Amino acid sequence: MSKKQAPAAVVAGIPSGSLVMPSEADFETAPPPASDDDRPGRVAGLDYTAWAAAVIDLNAPADRVAKERARLLQKGYRQAGGSPLVSGWANPEVWVIPRAKYEANRAARLQRLQDAVASGRMTESALAREVVTRA
Amino acid sequence: MASSENALRIVQASFAQGIAATGSKAASAGRIIPATGAATFKVGNGAFGGIGATLSRTAESQSNSDWFTFESDHTMLHKVLKHVVPVATTKTDYAFEQAGLQLAQAAVATMDKLFFDGLEGLFAAAHPRVGAGAGQVGNAKKYLDTGLAFAQGEAGAGTQDNLLTSALSEAALNSAIKLLLQYRSDRGIPLHLGTNGGLVLVVAPKNAQLAHELVVSQLSGADMASNFVKNLVSDIVVYPLTTDDDDWWLIDKSNAPVGIALESDPTARISTTTDGLFYEMVSEVSCVFFKSPYEYGIVGSNVA
């Protein structure tokens with residue numbers, strides 16, 4: 001038997017079977033802290049107490065993506081940079097808004113509901129009981 | 001041949017037929033609870049001059065033991081004054097038949113409006129179990145929100161989401177399904193919502209085609225794999241929303257925490273005007289939108 005042969009040259013696109021192991025030192029590095037970011041739709045690494053996020057599915061048709069970008073911009077969101085990960089999303093685009101502005105938007109939504117009820121376009125079903133006040 | 005004596009019978013029969021045939025969208029997406037025994041109030045227009053005669057219940061907060069949170073009580077009256085001379089002819093027969101159907105459509109439309117108005121309100125409505133105490137979901141939490149607490153203050157405590165902030169898309173719908181699949185009770189116990197299918201996707205008309213493509217297609221759009229959604233979402237309900245037509249919801253219908261409670265079965269009645277020349281026909285629906293203090297079974301998406 002002749003001495004051991006070197007692995008054959010790698011053919012483009014076909015795994016060669018070669019293996020490069022991490023060093024011992026790599027195991028000394030502390031792993032990143034665990035988080036609850038693996039919830040579906042959550043943006044990894046985002047501090048949800050300070051921020052709210054909206055995610056666009058870039059697999060959607062271009063016109064829908066463009067419209068959604070315009071809509072988020074109008075609502076006060078700004079696009080996050082980098083290449084963020086969103087749990088369960090193959091091709092996400094992340095937009096963020098400070099939590100305080102997000103809560104202000106929700107309050108504005110409640111006001112729109114109240115206005116709609118006042119004008120007769122909606123029934124009082126749209127309002128939680130504590131919001132329904134009587135003269 | 002009809003006569004003024006059997007006009008009521010004709011109207012009530014066609015009304016009942018119409019209720020069954022019209023097909024309530026609310027019944028397709030939420031729960032309909034008949035005859036709750038709850039008191040109803042018949043008053044004039046609501047303080048806001050809303051669509052129907054409404055009166056909210058007392059304003060004190062609900063305890064955790066309450067089974068449902070009634071937002072308000074509604075008694076809807078639809079009056080149709082028919083120009084039908086009370087003489088027995090074939091024409092009057094058809095008129096009564098048609099009137100009964102119209103009254104049924106009005107009654108069903110009323111229930112649907114109450115239900116979908118209620119759905120839209122869930123994004124802004126305070127959660128019935130809002131608060132930082134045991135058994136509650138956290139301070140300032142809405143019914144549809146992120147970070148809703150379970151087992152708060154106890155061993156095994158955690159939070160979960162039933163709110164997404166994304167327009168309807170394949171990835172967003174997948175996220176909603178997975179949120180339901182892993183939803184836990186207030187004691188932190190997995191509920192297996194939606195694992196047997198029967199989910200209902202509620203969208204505005206602008207998303208009707210997209211919803212159909214996402215749910216009914218054999219293959220998923222992005223990778224042409226088998227459509228994961230197809231066997232889980234069994235129905236699409238389309239309703240014209242009032243305040244934001246980008247909103248959408250995924251509801252586990254058999255476990256829906258929202259719906260319409262009927263105080264009594266919808267009815268139709270008929271009487272002649274005092275001059276005896278016309279018939280006055282009225283359909284009456286006493287019902288109320290309810291949401292359970294336990295929000296299990298619904299995920300909503302709204303970009304606030």
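This is a predicted model: local features need pLDDT of at least 70, side-chain atom pairs count only at pLDDT 80 or more; totals for chains, interfaces and linings use all residues.
Hi everyone, and thanks for coming.

Let's get to know chain B. Its secondary structure comes to 5 helices and 14 strands. The chain has 304 residues, and 48% of them are buried.

Please find strand S11 of chain B, residues 258–262. Of its 5 residues, 4 are buried, so the strand is largely enclosed by the rest of the structure. Who are its partners? Strand S1 of chain B, residues 31–33, runs parallel to S11(B), and 3 bridges join the two. Strand S13 of chain B, residues 279–291, is joined to S11(B) by 5 bridges, and here the strands run antiparallel. In that pairing, Gly259(B) stands opposite Phe290(B) of S13(B).

A handy bit of background while we are on strands: in a regular strand the side chains alternate between the two faces of the sheet.

Next, an open sheet in chain B. Five strands form it in the order S7-S14-S10-S8-S9, with mixed pairing. Which strands stand at the edges? They are S7 (163–164) and S9 (233–238) of chain B; each has a single partner strand, so one side of each is left without a neighbour in the sheet. Further in, S8 (residues 199–203) and S10 (residues 248–252) of chain B pair in the antiparallel sense over 5 bridges. There, Val203(B) stands opposite Trp248(B) in S10(B).

Two helices pack on this sheet. Helix H4 of chain B, residues 170–181, touches S7, S8, S10 and S14 (298–301) of chain B. The direction of H4(B) makes about 150 degrees with that of S14(B). Helix H5 of chain B, residues 208–216, touches S8 and S9 of chain B, and its direction makes about 175 degrees with that of S9(B).

Just after H1(A) comes Gly76(A), with a positive phi of about 100 degrees.

That's my tour, so over to you for questions!

Conventions. Residues are numbered from 1 along each chain as its sequence is written. Chains are lettered from A and ligands numbered from 1 in the order in which they are written. A residue is buried if 20 or more other C-beta atoms lie within 10 Å of its own, exposed if 12 or fewer, and partly exposed in between; C-beta atoms are placed from the backbone. Two strands pair if DSSP finds at least two bridges between them. Two residues are in contact if their C-beta atoms, placed from the backbone, lie within 7 Å. Axes are lines fitted to C-alpha atoms, for helices over the stretch in contact, and angles run from 0 to 180 degrees between N-to-C directions.
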